[in-house]
Amino acid sequence: MTNLSSAESTGSPAPGSMVVPGSGAMFDAIAQRYDLLNRLLSLGIDQRWRRRTVAALGVAGQGNVLDLATGTADLAILIARSAPSATVTGVDPSARMLAVGREKVARQALTGRVTLEEGDAQELPFADATFDAATIAFGIRNVPDRPRGLRELARVTKPGGRVAILELSEPRGGLLGPLARFHVHTVVPWLGSLLSGAKQYRYLQSSIAAFPPADEFAKTMQVAGLRVLEVRSLTFGVAHLYVATPDPSVRS
Ligand SMILES: C[S@@+](CC[C@H](N)C(=O)[O-])C[C@H]1O[C@@H](n2cnc3c(N)ncnc32)[C@H](O)[C@@H]1O
């Protein structure tokens with residue numbers, strides 16, 4: 001899953017390379033194959049997870065939505081399609097991922113409602129309370145200063161608006177846990193590296209393992225000013241969906 005798919009950040013440069021795993025520069029290198037890899041590695045489940053994320057945002061009609069770490073804009077497009085009067089702003093540091101995204105947006109005749117721009121989750125170029133809802137899918141792991149990215153999400157979302165965070169996690173427990181772990185730890189890095197030629201895919205495994213357990217991450221969200229409303233385990237815990245709203249009692 002690319003997101004499963006994604007080659008993800010471990011926060012340190014790849015050996016013999018100056019490209020930081022999980023950074024925009026790393027995603028530039030795999031942008032052309034990113035969507036294909038996502039679908040193959042996640043067995044198509046990634047889009048189902050994104051649809052659940054869209055539903056959690058609660059933007060039925062009008063609305064101004066932020067899709068942070070938008071990449072090739074899959075989630076931004078799903079939001080625009082599910083809420084026909086909504087506008088979506090996608091932000092990502094990878095120019096090449098955005099270029100792929102812009103082509104897809106144009107093909108779907110959504111250019112008027114989906115705007116993609118370069119930017120970093122840690123310093124968003126938007127005023128406080130700009131968006132009715134905000135989301136980030138498979139991207140928060142790549143943000144070097146995660147609490148700062150979360151504070152930015154809380155800051156730019158209007159009071160009462162939803163913030164939905166979709167992220168991969170280490171499959172734990174359950175009868176199918178070992179199978180899911182084998183897929184994540186063995187099949188995904190091997191197949192990803194084979195298909196993409198991008199050795200960065202090896203970092204997927206370590207970044208998932210390095211990501212905190214769901215309850216711990218939810219606490220980080222709370223401290224960052226996001227009141228967590230729900231934490232949902234998806235597909236044997238391979239991913240989690242965190243639904244929150246800005247907490248006005250927490251000052252950033
Ligand atoms: C696995 S992709 C997810 C893309 C998309 N959200 C999706 O659902 O397919 C992770 C994205 O995080 C982006 N990213 C890396 N560092 C970032 C940062 N500091 N701020 C925002 N996005 C970042 C990468 O460029 C990449 O496009």
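This briefing describes selected residues, the nonpolar cores and the aromatic pairs of the structure above. The model is predicted. Its largest nonpolar core has 40 residues, and helix α3 supplies the largest share of that core, 6 residues. A second, separate core has 27 residues, and the structure holds 5 aromatic pairs.

- Helix α3 is largely enclosed by the rest of the structure, because 7 of its 9 residues are buried.
- The buried residues of α3 are Asp74, Leu75, Ala76, Ile77, Leu78, Ile79 and Ala80.
- Within the largest nonpolar core, the residues that touch the most other members are Trp49, Val114, Leu166 and Leu168.
- The largest share of this core comes from α3, with 6 residues.
- Leaving aside residues up to four places away in sequence, Val114 touches Ala76, Ala80, Val88 and Val105; of these, Ala76 and Ala80 are among the buried residues of α3.
- The second core is separate and includes Leu68, Leu124, Val143 and Ala244.

- Thr72 is located in the loop between β1 (62–68) and α3 (74–82).
- The relative accessible area of Thr72 is 2%, under the 20% limit, so this residue counts as buried.
- Not counting residues up to four places away in sequence, the contacts of Thr72 are Ala31, Tyr34, Asp35, Met97, Val100, Gly101 and Lys104.
- One of these contacts, Tyr34, also belongs to an aromatic pair with Phe27.

**Arg148, in helix α5**

- Arg148 is part of helix α5, which covers residues 146–156.
- With a relative accessible area of 34%, Arg148 is partly exposed, whereas Thr72 is buried.
- Arg148 touches Gln122 and Glu123, when residues up to four places away in sequence are not counted.
- Arg148 and Ala224 are separated by 76 residues in sequence, while their C-alpha atoms are 7.5 Å apart in space.

**Aromatic pairs**

- A pair of aromatic rings is described by the distance of the centres and the angle of the planes.
- The structure holds 5 such pairs.
- Phe27 and Tyr34 form an edge-to-face pair, with 6.1 Å from centre to centre and 70° between the planes; both residues are buried.
- Phe126 and Phe131 also form an edge-to-face pair, with 5.0 Å from centre to centre and 85° between the planes.
- Phe126 and Phe131 are both buried.
- Phe211, Phe217 and Tyr242 are linked into a cluster by ring pairs.

Methods:
Residues are numbered from 1 along each chain as its sequence is written. This is a predicted model: local features need pLDDT of at least 70, side-chain atom pairs count only at pLDDT 80 or more; totals for chains, interfaces and linings use all residues. Side-chain values use heavy atoms; hydrogens and water are left out. Helices (H or I, at least four residues) and strands (E, at least two) are DSSP runs, numbered from the N terminus. Buried means under 20% relative accessible area, exposed over 50%, partly exposed in between (1.4 Å probe, protein chains only). Contact means heavy atoms within 4.5 Å. A nonpolar core is a set of buried Ala, Val, Leu, Ile, Met, Phe, Trp, Tyr and Cys residues joined through side-chain atoms within 4.5 Å. Rings of Phe, Tyr and Trp (its six-membered ring) pair if their centres lie within 6.5 Å; planes under 30 degrees apart count as stacked, over 60 as edge-to-face and the rest as tilted.
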